[in-house]
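Please read the numbered points with the model open alongside.

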Amino acid sequence: NDIFIDNSITFTDGHLVSSSTNLLTLNANASAGGASDASHVSGVMDKTLSSPVSFTFPIGDGVEYKPLTVVPQSGANTFRTEFLPLSAEAIEASTTIDHVSTKEYWSLQRTSGVSAFKTQLSWNAYSGVDNLGSLAIAVYENTPDWDELDAAFTTSGTASSGTIITNNFVDNPGQYVT
């Protein structure tokens, strides 16, 4: 059944499996904490955000925690996310991109609202990041290929773990990859 959280959810042990037919939804005032490799959402989840509050989606693949953070620019928005431990290479990369991840990507859809947003993706040793200086976020919006997101980025961390965030607000819901 669908699960709606109004206050908070704390992840301590185990994985909450969610799908588009058995959806976990965190309402506007709900918070999430404690997510880790040992405990996170495996599958699809929704979160309603009020501007400009950031939210880190406690998502992963049931083995690894792979959070995605969204910061809306204004107004109330609902985002649907999912981490996909699949190669992004099945979708051709545009000529401006050297390559995309062979390990993973995220789905980020806005199901309500119109606000532009900042997004932050994470990686770990499994992700295969080897050159932080050339790392970017690419987006697939049902066009023929992955395109580099039209934004400046800030990375932090090392090749074995870190994050990349858009420095400015973008309006490109879709599939995301580093």
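1. The largest pocket of this predicted model has a volume of about 450 Å³. It is lined by 22 residues, of which His 99, Val 100, Ser 134, Leu 135 and Thr 178 are the closest to its centre. The lining of the largest pocket comprises nine polar, eight nonpolar and five charged residues.

2. Strand E7, formed by residues 45-50, deserves attention next. Because five of its six residues are buried, strand E7 is largely enclosed by the rest of the structure.

3. Strand E7 has a parallel pairing with strand E4 (residues 24-26), made over three bridges. Within this pairing, Thr 25 has Asp 46 of E7 as its bridge partner.

4. Strand E7 is also joined to strand E11 (residues 76-84), here by six bridges and in the antiparallel sense.

5. Is Thr 119 buried or exposed? Its relative accessibility is 0%, and the cut-off for a buried residue is under 20%, so Thr 119 counts as buried.

6. The surroundings of Thr 119 may be described in two steps. Its side chain reaches the backbone oxygen of Thr 69 at 3.3 Å. When neighbours within four places in sequence are left aside, the residues in contact with Thr 119 include Leu 68, Thr 69 and Val 70, as well as Leu 108, Ile 137, Ile 164, Ile 165, Thr 166 and Tyr 176.

Definitions and conventions:
Residues are numbered from 1 along each chain as its sequence is written. This is a predicted model: local features need pLDDT of at least 70, side-chain atom pairs count only at pLDDT 80 or more; totals for chains, interfaces and linings use all residues. Side-chain values use heavy atoms; hydrogens and water are left out. Buried means under 20% relative accessible area, exposed over 50%, partly exposed in between (1.4 Å probe, protein chains only). A polar contact is a pair of N or O atoms within 3.5 Å; within protein, one must be able to donate a hydrogen and the other to accept it, and residues adjacent in sequence count only if both atoms are side-chain atoms. Contact means heavy atoms within 4.5 Å. Helices (H or I, at least four residues) and strands (E, at least two) are DSSP runs, numbered from the N terminus. Two strands pair if DSSP finds at least two bridges between them. On a 1 Å grid over the protein atoms alone, a cavity is a set of points where a 1.4 Å probe fits but cannot get out, and a pocket is an open set with protein on both sides within 12 Å along at least five of seven lines; lining residues have an atom within 4 Å of a point. Grid points are joined across faces, edges and corners, and a volume is the space filled by probe spheres set on the points. Ala, Val, Leu, Ile, Met, Phe, Trp, Tyr, Cys and Pro count as nonpolar, Asp, Glu, Lys and Arg as charged, and the others, Gly among them, as polar.
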